[in-house]
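I opened a new structure today and kept notes as I went. Here is what I looked up, in the order I looked.

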Amino acid sequence: MVIPNRVVIVGGTHGNEWAGIKIVTLYQSYFRNKFPSLKLEFIFANPVAHELNSRFKDEDLNRAFQYLDEDRPNSYEHSRAKDIKEIIKREPCLVLDLHTTTSNMGKSLIVSQYNRQNLSICEKLTRDLNNCRVIGAPDPHRKYLASQSDFGLILEVGAVANSVVGGESLESTLLLIESILKLVEGQKISEISQVELFEEMQEVHFPKNEKGEISGYIHPHFQGKDFLPLKGKIIPFKNFEGEEVTLILDQELFPIFINEAAYYPQQLAFILCKKKSIFF
Ligand SMILES: [Zn+2]
C-alpha cells in the first residue's frame, strides 16, 4: 500500500484565494529542487476567475466535478473541470488542492475519501504540526476537485482575507505541502492507526427577516472560535437590533467555517461537526 509518487498540486481553484495561486505559479522549482524523486505537477485551476478577482466566473469550480457528464456550454468552470480531470486521471496521483478561508481554521486538512493513504497523511500531520486539524467531508458524488483521485486532500488555511497574500497563511500552506511531500517521499504510512477528525454534520444559517434577508451577524464572542466545543445553549448571533440569538445543541458539536465570506450568498453562517475517531 503506497501513496503515488506523482503529486498534483492545484492552486487558484477559487480565483480570490491567493496563497495557492502564488504557490503554483512561483514555487514550482522550490519544490522540484527539494523533492527530486517525486513527480510534481502544478495546476493554476481558475485563471479567469483570478483575473476577475472573484471566487469563480460561472459556477464554483470546487463543486463542478459532479456535473462532468452534463453538457454545460456556458460554464467556464465546467470546461476547466473537464481539463483538470483529464490531467489527474493520466496516472495515479495524490492531489493537493490549496485553499484559504476567511474563518479561523488554522491549518485544516479536509479529507473526503477515507482510505488508509489519505488518513495516514492526516494522522501524521496532526501529530507533527501545531494548529493542524482534520475535517471529514465525505463526498460520495465526487464534486470536489481533490476527490478526482482516490488520494487527495484539500488544504484549507486561515484566517485570511480574500484577494490578499497573507504571510502566515502562505507559509502555513507551504509547510503543509512540504510535510506531505516528505511523507510521500519516505512512504511513511502507519499500518494500523486511528485519526481524530471533525466530520461535517449540519449547516447553520444566519437569522433572516420576513423578506428572507440576513437579519443578524456572528456574535463578537463567537467570531474566531472555530473547533471549540459547543453544547447546550449557545449564542452564535446578534440581530441588527442588538439582541442575542440563541441556539440549543443536544450533543457536543464543533463549529467550523465561522463567518466564511464565500458562504454569504447561501446565508450560511457556519458548519457544525461531530468529533470522531476513524480507524484505518
Ligand atoms: Zn477555496
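**Helix 4 to begin with**

I started with helix 4, which has 14 residues and reaches 20 Å from its first C-alpha to its last, close to the 20 Å expected at 1.5 Å a residue. The expected span is 1.5 Å times one less than the number of residues in the helix. For the elements, helices (H or I, at least four residues) and strands (E, at least two) are DSSP runs, numbered from the N terminus.

A note on the ground rules: this is a predicted model, where local features need pLDDT of at least 70 and side-chain atom pairs count only at pLDDT 80 or more, while totals for chains, interfaces and linings use all residues. Residues are numbered from 1 along each chain as its sequence is written.

Next I asked which residues of helix 4 are buried. They are Glu 77, Arg 80, Ala 81, Ile 84 and Ile 88. Seen down the axis of helix 4, these fall within an arc of 105°, so they line one face of the helix. The arc is that of the directions from the helix axis to the C-beta atoms. I used this cut-off: a residue is buried if 20 or more other C-beta atoms lie within 10 Å of its own, exposed if 12 or fewer, and partly exposed in between, with C-beta atoms placed from the backbone. The face turned away from the buried side carries the exposed residues Asp 83, Glu 86 and Lys 89. The buried residues of helix 4 pack against strand 1, strand 2 and strand 3. Contact here takes two residues whose C-beta atoms, placed from the backbone, lie within 7 Å.

I then moved to helix 6 (residues 167–186), which has 20 residues and spans 29 Å from first C-alpha to last, close to the 28 Å expected. I listed its buried residues as Ser 169, Ser 172, Thr 173, Leu 176, Ile 177, Ile 180, Leu 181 and Val 184. They cover an arc of only 165° around the axis, which puts them on the same side of helix 6. On the face turned away from that side I found the exposed residues Gly 167, Glu 171 and Gly 186. Just after helix 6, Gln 187 takes a positive phi of about 50°.

In helix 1 (residues 18–26), I noted Trp 18, Ala 19, Gly 20, Ile 21, Ile 23 and Val 24 as buried. What covers them includes strand 1 (6–11), strand 2 (39–44), strand 3 (94–100) and helix 6.

**Stepping back**

How many helices and strands are there in the protein? I count six helices and eleven strands. The radius of gyration is 19 Å, close to the 19 Å that the globule rule gives for 280 residues, so the protein is as compact as a globular protein of that length. That radius is taken over C-alpha atoms, and the rule is 2.2 Å times the number of residues to the power 0.38. Of the 280 residues, 40% count as buried.

The protein is divided into domain 1 (6–191) and domain 2 (198–279), with bounds from an automatic or database domain assignment. Their contact takes 14 residues from domain 1 and 16 residues from domain 2. Strand 5 (residues 132–136) gives the most to the side of domain 1 that touches domain 2, with four residues. The centres of the two domains, taken over C-alpha atoms, are separated by 25 Å.

I also looked up the largest nonpolar core, which has 67 residues; Val 10, Leu 109 and Ile 256 are among those with the most contacts inside it.

Where is Asn 259? I found it in the loop between strand 10 (244–256) and strand 11 (268–279). With 22 C-beta neighbours inside 10 Å, Asn 259 counts as buried.

A cis peptide bond joins Gly 158 and Ala 159, with omega about 20°.

Asn 53 has a positive phi near 55° and is exposed, with 11 other C-beta atoms within 10 Å. Arg 142 has a positive phi near 50° and is partly exposed, with 17 other C-beta atoms within 10 Å.

Definitions and conventions
A nonpolar core is a set of buried Ala, Val, Leu, Ile, Met, Phe, Trp, Tyr and Cys residues joined through C-beta atoms within 7 Å.
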